[in-house]
Amino acid sequence: MTISSFIKCLFLAVVATTTEVQSFFTIAPTATNANTAAVKNTLSDKQIIELAKDYVTNKNGFYKPIDADAHAEDFVFRGGVVGPLNKADYAKTMTKLGIAEAFDLDPNAFGFCVDPQVKNTARFYVRYTGRQVKNWKVAGTPFDIPPEEGNKRPIVGPTESFCVQFNDEGKARFLTISAPMAFGNPEQPSTGQLGAVLGLFNHVGLEVAANSALNSNVRQLGNAAADLLPDEVAPPRTSSKKEDLPTWWKED
């Protein structure tokens, strides 16, 4: 059996045995995780807002290819079930997911504000829209999903809240995303009750893939495969090894 065949068998097997479904992006870091002591910002409010607008649209790997240089060396991403991911693992995961290449999406970000208690931190909302423009290939998995015939159905995501913290040099140090808002959206999302990459799986008809990613056992198997297999055929990681995370990150 080739390595590629092994990956496909592993992936399909764990999907087939998925039974656990959790809410996505529902776990927020504690106050100490996000360094929330009331400290004076080293960037102006205008700088923080402009950095956040540029980051969400052009730098984080979802709407445009990942800009690794826009992330601090001690960067951490933490979602509800995905993460924590350090800079290297986050950049590699976003590249392997291939979202920016397969989709033409607009974050439609709005409501930017500066957090009064968290240093150099912006909070805002995203409600992405767009279309699939190329085959969606996720490295290390059997996914090779073409745009639907006619490509007439637009992608409409739910409202999601974002938080991004910048270091003194204006590089992203911390990124987190909340649970999608199930109610109060201006129109019915095409992504079901999910946002981010799992919402895109729902949109293209792969609900089983979205649900499987919510299963902690599936995520653990994926990370184990990423540890064992050559990088070119390994699936995207959903969390970094504890020893590879920055020392500032604390999580119980």
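Predicted model: local features only at pLDDT ≥ 70, side-chain atom pairs only at ≥ 80, totals over all residues.
How many residues lie between β4 and β5 in their hairpin? There are 6.

Strand β4 covers residues 110-114, and strand β5 covers residues 121-126. The two pair in the antiparallel sense, over 3 bridges. To find the pairing on screen, look for Phe110, which stands opposite Tyr125 in β5. Strands of a sheet pair through backbone hydrogen bonds, either parallel or antiparallel.

Now the turn. Asn120 sits in it and has a positive phi of about 50°. Most residues other than glycine have a negative phi. Where is Asn108? In the loop between β3 and β4.

Are these two asparagines buried or exposed? Asn120 is buried, with a relative accessible area of 0%. Asn108 is partly exposed, at 31%. The cut-off for buried is under 20%.

Strand β6, residues 129-132, is joined to β9 by 2 bridges. Here Gly130 stands opposite Ile155 in β9.

The largest nonpolar core has 45 residues. Leu200 is among those with the most contacts inside it, along with Phe62, Ile99, Leu105, Trp136 and Val164.

Leu200 also belongs to the buried residues of α5. What is the setting of this helix, residues 196-203? It is largely enclosed by the rest of the structure, because 8 of its 8 residues are buried. The buried residues include Ala196, Phe201 and His203. After α5 comes Gly205, with a positive phi near 90°.

On to empty space. Rolling a probe the size of a water molecule over the atoms shows where empty space is left. The count comes to 2 cavities of 30 Å³ or more.

How much space lies in the largest pocket? About 390 Å³. It is lined by 16 residues, and the closest to its centre are Gly83, Pro84, Ser239, Lys242 and Glu251. Helix α7, residues 216-228, gives the largest share of the lining, 4 residues. By class, the lining has 4 nonpolar, 7 polar and 5 charged residues.

Gly83 and Pro84 are joined by a cis peptide bond, with omega about 0°. Most peptide bonds are trans. Pro84 lies in the loop between β1, residues 71-78, and β2, residues 85-86.

Go to Asn120, buried in the loop between β4 and β5. Go to Leu200, in the largest nonpolar core. Then go to the cis bond between Gly83 and Pro84, two residues among the closest to the centre of the largest pocket.

Technical notes: Residues numbered from 1 in each chain as written. Heavy atoms only, no water. Core = buried A, V, L, I, M, F, W, Y, C linked by side-chain atoms within 4.5 Å. Buried < 20%, exposed > 50% of the residue type's maximum accessible area, 1.4 Å probe, protein only. Pairing = 2+ DSSP bridges. 1 Å grid on protein atoms, 1.4 Å probe; cavity = no way out; pocket = protein on both sides within 12 Å on 5 of 7 lines; lining within 4 Å. Points joined across faces, edges and corners; volume = space filled by probe spheres on them. Nonpolar A, V, L, I, M, F, W, Y, C, P; charged D, E, K, R; others polar.
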